[in-house]
Amino acid sequence: MNLKDKPENTLTSFQLEKMLYLHSLWLKGDNLNGRRCDFTGADLSGLDLTHRNLNGAVFRGADLRFANLKYSTFGFADFTDADLSGADLRFANLHGAVIFNTNLLSAEVFSTNFTKAELEEAAVGRRPYFGGDLPAGCA
């Protein structure tokens with residue numbers, strides 16, 4: 001399910017839960033019934049996505065402002081052109097994620113794992129207590 005053709009790119013809670021369920025099947029290798037989450041251009045601002053496994057999901061151009069993403073895993077997810085400003089990424093795992101031209105200003109990134117993430121042209125704001133594990137040259 002791709003949202004780029006949906007008016008206003010908004011999701012109902014039923015659509016979101018269905019996408020997350022199909023993604024969990026895809027992660028388990030069920031390519032017949034499962035599907036990778038593709039949130040391209042979606043408005044996910046303010047949503048609570050804590051403790052979710054969204055490895056490999058696509059968030060290109062998505063609006064994740066002020067979303068609660070604590071303790072979630074986004075390994076090798078694509079956040080190209082996404083807006084994560086004000087998002088809560090504490091203790092999230094973004095190992096190997098593509099974070100190109102992404103807005104992370106005012107995002108909470110304490111103990112966030114950015115190991116091997118591709119952070120290029122990302123707007124990363126400094127906070128008074130910045131404990132995230134950013135690759136060298138990205139602080």
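Phenylalanine 91 is partly exposed, with a relative accessible area of 37%; partly exposed covers the range between buried, under 20% relative accessible area, and exposed, over 50% (1.4 Å probe, protein chains only). The residue sits in the loop between helix 1 and strand 1, where helices (H or I, at least four residues) and strands (E, at least two) are DSSP runs numbered from the N terminus. The model is predicted: local features need pLDDT of at least 70, side-chain atom pairs count only at pLDDT 80 or more, and totals for chains, interfaces and linings use all residues. Residues are numbered from 1 along each chain as its sequence is written, and side-chain values use heavy atoms, with hydrogens and water left out.

**Backbone angles**

The phi of phenylalanine 91 is near 65°, a positive value in a residue other than glycine. Most residues other than glycine have a negative phi. Tyrosine 71 also has a positive phi, near 60°. Tyrosine 71 is placed in the loop between helix 1 and strand 1 and is partly exposed, with a relative accessible area of 42%.

**Helix 1**

Helix 1 covers residues 13-27, 15 residues in total, and reaches 21 Å from its first C-alpha to its last. That is close to the 21 Å expected at 1.5 Å a residue, the expected span being 1.5 Å times one less than the number of residues. Which residues of helix 1 are buried? They are Gln15, Leu16, Met19, Leu20, Leu22, His23 and Leu25. In an α-helix there are 3.6 residues a turn, so residues three or four places apart point the same way.

**Aromatic pairs**

Rings of Phe, Tyr and Trp (its six-membered ring) pair if their centres lie within 6.5 Å; planes under 30 degrees apart count as stacked, over 60 as edge-to-face and the rest as tilted. The count by this rule is six aromatic pairs. Two of them are tabulated here.

| Pair | Centre to centre | Between planes | Class |
|---|---|---|---|
| Phenylalanine 59 and phenylalanine 79 | 4.7 Å | 0° | stacked |
| Phenylalanine 91 and phenylalanine 110 | 5.7 Å | 85° | edge-to-face |

Phenylalanine 59 and phenylalanine 79 both lie in the loop between helix 1 and strand 1 (98-100), so their pair ties together parts that are 20 residues apart in sequence. Phenylalanine 59 is buried at 0% relative accessibility, and phenylalanine 79 is buried with a relative accessible area of 1%. Ring pairs link Phe39, Phe59, Phe74 and Phe79 into a cluster.

The pair of phenylalanine 91 and phenylalanine 110 links distant parts of the chain, 19 residues apart. Phenylalanine 110 lies in the loop between strand 1 and strand 2 (118-120) and is partly exposed at 27% relative accessibility.

Aspartate 30, in the loop between helix 1 and strand 1, is partly exposed at 24% relative accessibility. A polar atom of the aspartate 30 side chain lies 3.2 Å from the backbone nitrogen of leucine 32. Threonine 40 is in the loop between helix 1 and strand 1 and counts as buried at 18% relative accessibility. The side chains of threonine 40 and aspartate 38 are joined by a polar contact of 2.4 Å.

Key:
A polar contact is a pair of N or O atoms within 3.5 Å; within protein, one must be able to donate a hydrogen and the other to accept it, and residues adjacent in sequence count only if both atoms are side-chain atoms.
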